[in-house]
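Please read it with the model open.

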Amino acid sequence: MTDFIKVENLVFDYIKSEDESTFRAIDDVSFTVEKGSFTAIIGQNGSGKSTLAKNINGLLVPTAGKIYVDGLDSADPENIWEVRQRVAMVFQNPDNQIVSSVVEDDVAFGPENLGVDPKEIRKRVDEALKSVEMYEFRRKAPHLLSGGQKQRIAIAGAVAMEPECIVFDEPTAMLDPNGRKEVIEAVEQLRKEKNVTVILITHYMEEVIDADQVFVMDEGHVVMHGTPKEIFSRVDELKKYRMDVPQVTMLADALIQKGVPLPKGILRREELVDALCQLS
């Protein structure tokens, strides 16, 4: 695999309007994201996750350091259009992203703004809606849909622009458990079928267990990095950063503390059952 995104010593400062002082939201962050991979970024509110997402997409420009998207410097004004075409974003509130009164018109909005030929738009809209299993709702009014369905429409809108990467900024934060499950399944299916590079920002730990790599952020810094199994093997360290862990991981860790010889970093119920059965 090749690196699609390179973040080098990224710094981002917000300027406070009341006194023009600065607040450092991102402080010397470096990492890479491989093309076609699934990267998860977790952390408490205020840790810098969303600011990082907006820098990757070119909505914000680094105060210092560099972000390269497919080799393009995101801070170069001549590259900004290309960067935003390559990296789409899906935000946490789908109602803020829906602009039309009919589902298929909403999904067509992005490609129309890119100047795509109408015949190609029709094809992209149909394919995008099918990719998130919302094709049968194409002529419905978005306000009649559930929260999970609306978010899948927002994802279809991003897909129709044919980006190489989609950044999901807490896309399930406003959804119930069923809605969260729908959206995460749609994201994973999208990555497998279209080889889209996925960056998922979330505070729901169960959503990151299939990621290729996980970054934990705290106060603008990357404080932990590894595979899900590596990250969730360090339960005490995660607690230090006020992070939860998947319930099954917490149960397995409690059993380990009681002397039960289980492997660390259990992520799924099936793993725990298998490990316990091997003890009997």
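Just after helix α3, G115 takes a positive phi of about 80°. The model is a predicted one.

**Helix α3 and its cover**

- The buried residues of α3 are V103, E104, D106, V107, A108, G110 and P111.
- An α-helix has 3.6 residues a turn, so residues three or four places apart point the same way.

**Packing of α3 against α5**

- On the α3 side, the contact is made by V103, D106 and V107; on the α5 side, I153, A156 and G157 make the contact.
- By class, the residues of this contact between α3 and α5 are 4 nonpolar, 1 polar and 1 charged.
- V103, D106 and V107, which contribute the α3 side of the contact, are also among the buried residues of α3.

**E82 in helix α2**

- E82 lies in helix α2, which covers residues 80-86.
- Is E82 buried, partly exposed or exposed? Its relative accessible area is 34%, and E82 is therefore partly exposed, since the buried class ends under 20% and the exposed class begins over 50%.
- L72 is 10 residues from E82 in sequence, and the C-alpha atoms of E82 and L72 are 8.2 Å apart in space.

**The chain as a whole**

- The secondary structure of the chain consists of 10 helices and 10 strands.
- The chain has 280 residues and a radius of gyration of 20 Å; this agrees with a compact globule, because a globule with that number of residues would have a value near 19 Å.
- Taken along the principal axes, the box filled by the C-alpha atoms is roughly 65 × 50 × 40 Å.
- Of the 280 residues, 50% count as buried.
- The accessible surface of the chain is about 13,800 Å², and carbon and sulfur atoms hold 48% of that surface.
- Among contacts with a separation of 6 or more, 63% are between residues 24 or more positions apart.

Conventions
Residues are numbered from 1 along each chain as its sequence is written. This is a predicted model: local features need pLDDT of at least 70, side-chain atom pairs count only at pLDDT 80 or more; totals for chains, interfaces and linings use all residues. Side-chain values use heavy atoms; hydrogens and water are left out. Contact means heavy atoms within 4.5 Å. Helices (H or I, at least four residues) and strands (E, at least two) are DSSP runs, numbered from the N terminus. Ala, Val, Leu, Ile, Met, Phe, Trp, Tyr, Cys and Pro count as nonpolar, Asp, Glu, Lys and Arg as charged, and the others, Gly among them, as polar. The radius of gyration is taken over C-alpha atoms; the globule rule is 2.2 Å times the number of residues to the power 0.38. Buried means under 20% relative accessible area, exposed over 50%, partly exposed in between (1.4 Å probe, protein chains only). Accessible areas come from the Shrake-Rupley method with a 1.4 Å probe; for residues, only the protein chains shown count as cover.
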